[in-house]
Each structure stands twice: as structure tokens, then as C-alpha cells.
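Thank you for making time this morning.

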Amino acid sequence: MSKAIVLNEKFENNGEVVLPASYDEINSHNLYLYVKSYLASLRSNTARAKTRAEVSGGGKKPKAQKGSGAARWGSKRSPLFVGGGQAFGPTKRNYNQKVNKKQKALALKYAINAQANNGSLFVVDSIKIESGKTKEAVAVLNKLNKRDTLIVCDVIDEKTYLAFRNIKNCYVVEKQEVNAYLIAAYHSVLIEKSVLDALTKEA
């Protein structure tokens, strides 16, 4: 069974919490499908090329049908000519990929479990930097000793936001913003206990 590391109010190791045994049985393909869908939804979908029916020009036949000894040319808007239309260019399309609720829930469970297996899931009662100083926020991250960290709070107060906002190797989100992609994308997760309880219950 996977175990998350419990931290005290000084962000020091204070024991472990065991995740449900069922998390170990989840197939990683659920996370793959969710991440694929999440990244597809971020695509701007603005690439567009004109076909031969949409470019300007044409009208008059470029040369006679017969007599030149070359191919027959019907229009200057053909993709064969400079300024002609694109034969198989990009068009606006829907990149969205559906992932059902059960798969989303399984993906979230798998991502949480994977962080726990790596020893990178840290649980604390409260994440608050009351002074609002970045120096104190950096000290918290240094104790975790990870390359980058996703910080998940129930509610982000202004002082805590100010403390963490200029640190490049962390990202702070509230409970409703967190998803399987964010949890999987970072090398460690620092999460409030109430949020972890809610996420595992909902998932």
C-alpha cells in the first residue's frame, strides 16, 4: 500500500498516512487518457489554410486547352501554382477528446498514488505563510527538497499567495482547480489534509 508523508506545522516529517489499497490496482492507462484529453483541450485550434475554392483570382483559363504540348490548366487557383489554394491544409477542427467521469476519477487516484509511491506526496494540516514573505515560502520548499512542487490548499489567503507567487519552481492552486494532470506534472505535491480527504472521497 502507498503511504503519504505527514508533516507537522514546521513542515517536518511527522509520520505517514496510508492510501486505500485499491489505488494500487488502477491501470495507468486512465491517467494517459486524461492527460491526452487535457492537453488536447489546450490547443488553440487557429490553424487555417484556404482551399482552391477560397483563394482570390482565377476566372480566366490560363492557356488554351490544346496545342501547347503541356498539361491542361483550368485555373490559376490550383495548388500547383504560386498563390493557389492549399491542397490538404489545416482547417478548424474540434480537438476535444471525451473522458468519462469514472476514468477522470481513476486518473486522479492513480496520480495521487504515483506521487505517494515516489515519496513525493506530503500532507500537512494547513499551508499558510502569515507574514507573506517569500523567504519563508522558500524555506518550506527547501525542507521538501524536491525539484518543483504543486501546493494544494483548501482556500488560498492573500498572504500565502504573495509568499509563493514569485517562486518559479512551485504552483499554488485551490481544491477546485486541482486535477490528475497537475498532480502528475510536478515532482512533488504538498497538500492540506482536508483537501486530500475530500479528493480521495470524491474520486
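When I say that two elements touch, I mean contact, that is, heavy atoms within 4.5 Å. What you see is a predicted model, in which local features need pLDDT of at least 70 and side-chain atom pairs count only at pLDDT 80 or more, while totals for chains, interfaces and linings use all residues. Residues are numbered from 1 along each chain as its sequence is written, and side-chain values use heavy atoms, with hydrogens and water left out.

Helices (H or I, at least four residues) and strands (E, at least two) are DSSP runs numbered from the N terminus, and two strands pair if DSSP finds at least two bridges between them. Six strands form an open sheet of mixed pairing, in the order S2-S1-S3-S6-S4-S5. Strand S2 (13-18) and strand S5 (170-174) stand at the edges with a single partner strand each, so one side of each has no neighbour in the sheet.

Let us look at strand S6, residues 188-192, where five of five residues are buried, meaning under 20% relative accessible area with a 1.4 Å probe, protein chains only. Ser188, Leu190 and Glu192 lie on one side and Val189 and Ile191 on the other, and both faces are covered. S6 runs parallel to S3 (residues 121-124), joined by four bridges, with Val123 partnered by Ile191; four bridges also join S6 to S4 (residues 149-153), again in parallel, and there Leu150 stands opposite Val189.

Finally, helix H2 (residues 101-117) lies across S1 (3-7), S3 and S6.

Conventions: Buried means under 20% relative accessible area, exposed over 50%, partly exposed in between (1.4 Å probe, protein chains only). Axes are lines fitted to C-alpha atoms, for helices over the stretch in contact, and angles run from 0 to 180 degrees between N-to-C directions.
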